[in-house]
Amino acid sequence: MSDFTKPVEELGENASEYIDLRIAELKLGAVKGLSVTLSKLLYILLVLFVVSVILIAIAFGGVMWIGELIGSYAGGAAIIAGFFIIVLGVLFLLRKKLFRNTFVPLFVNLFFEEDK
C-alpha cells in the first residue's frame with residue numbers, strides 16, 4: 001500500500017465497517033421490536049383467554065340463576081344471550097375508538113422509540 005492511496009483505502013475500510021455496524025444495529029432493533037410486540041401480543045391473548053373463561057362461567061351461572069327464577073333455563077339462556085348481543089353491539093359501535101387508540105400508540109412507541 002503506497003502512501004498516496006493509503007487514506008483512500010482506510011476510508012473504504014472504515015465505510016465498510018460503518019455499514020456493517022449500521023446493519024447490525026438495524027437487526028438488533030428489529031429483534032427488539034419483534035420480541036416486544038410478540039410478548040405484548042401473547043400477554044393480550046392470555047388475558048383474553050382468562051377473561052373468556054370467566055365470562056363463560058358467569059354466563060353459565062347467570063343462565064342457571066335466571067332459569068331458576070323464571071322457571072325456564074331456555075328463557076334464562078335467551079336473556080343472557082340478549083345481554084351479550086347488546087354488549088357486542090356496543091363494542092361494534094365503539095370499535096374504531098377502542099382499538100385504534102390502543103394499537104396506534106403501541107406501534108408508534110415501538111417503532112419510533114426515543115433514546116433514553
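This is a predicted model: local features need pLDDT of at least 70, side-chain atom pairs count only at pLDDT 80 or more; totals for chains, interfaces and linings use all residues.

Visitor: What do the side chains of Glu25 and Arg22 meet in, and at which N to O value?

Guide: Side chains of opposite charge can pair when their charged atoms come close. A salt bridge is counted when the side-chain nitrogen lies within 4 Å of the carboxyl oxygen, and a search of the whole structure finds one. The side chains of Glu25 and Arg22 meet in a salt bridge, with N to O at 2.9 Å.

Visitor: Is Glu25 buried or exposed, or does it fall in between?

Guide: Buried requires under 20% relative accessible area and exposed requires over 50%. The relative accessibility of Glu25 is 46%, so this residue counts as partly exposed. Arg22, its partner in the salt bridge, has a relative accessible area of 39% and is therefore also partly exposed.

Visitor: How are H1 and H2 oriented to each other?

Guide: The axes of helix H1, residues 6-70, and helix H2, residues 73-93, come within 7 Å and cross at roughly 135°. Angles over 145 degrees would count as roughly antiparallel and those from 65 to 115 as roughly perpendicular. H1 and H2 are therefore oblique.

Visitor: Which residues of H2 does H1 meet, and how many of the contact residues are nonpolar?

Guide: From H1, residues including Leu55, Val63 and Ile70 take part, and in H2 the residues met are Tyr73, Gly75, Gly76, Ala77, Ile79, Ile80 and Phe84. By class, the contact has one charged residue, four polar and 11 nonpolar.

Definitions and conventions
Residues are numbered from 1 along each chain as its sequence is written. Side-chain values use heavy atoms; hydrogens and water are left out. Axes are lines fitted to C-alpha atoms, for helices over the stretch in contact, and angles run from 0 to 180 degrees between N-to-C directions. Helices (H or I, at least four residues) and strands (E, at least two) are DSSP runs, numbered from the N terminus. Angles under 35 degrees count as roughly parallel, over 145 as roughly antiparallel, 65 to 115 as roughly perpendicular and the rest as oblique. Contact means heavy atoms within 4.5 Å. Ala, Val, Leu, Ile, Met, Phe, Trp, Tyr, Cys and Pro count as nonpolar, Asp, Glu, Lys and Arg as charged, and the others, Gly among them, as polar. Buried means under 20% relative accessible area, exposed over 50%, partly exposed in between (1.4 Å probe, protein chains only).
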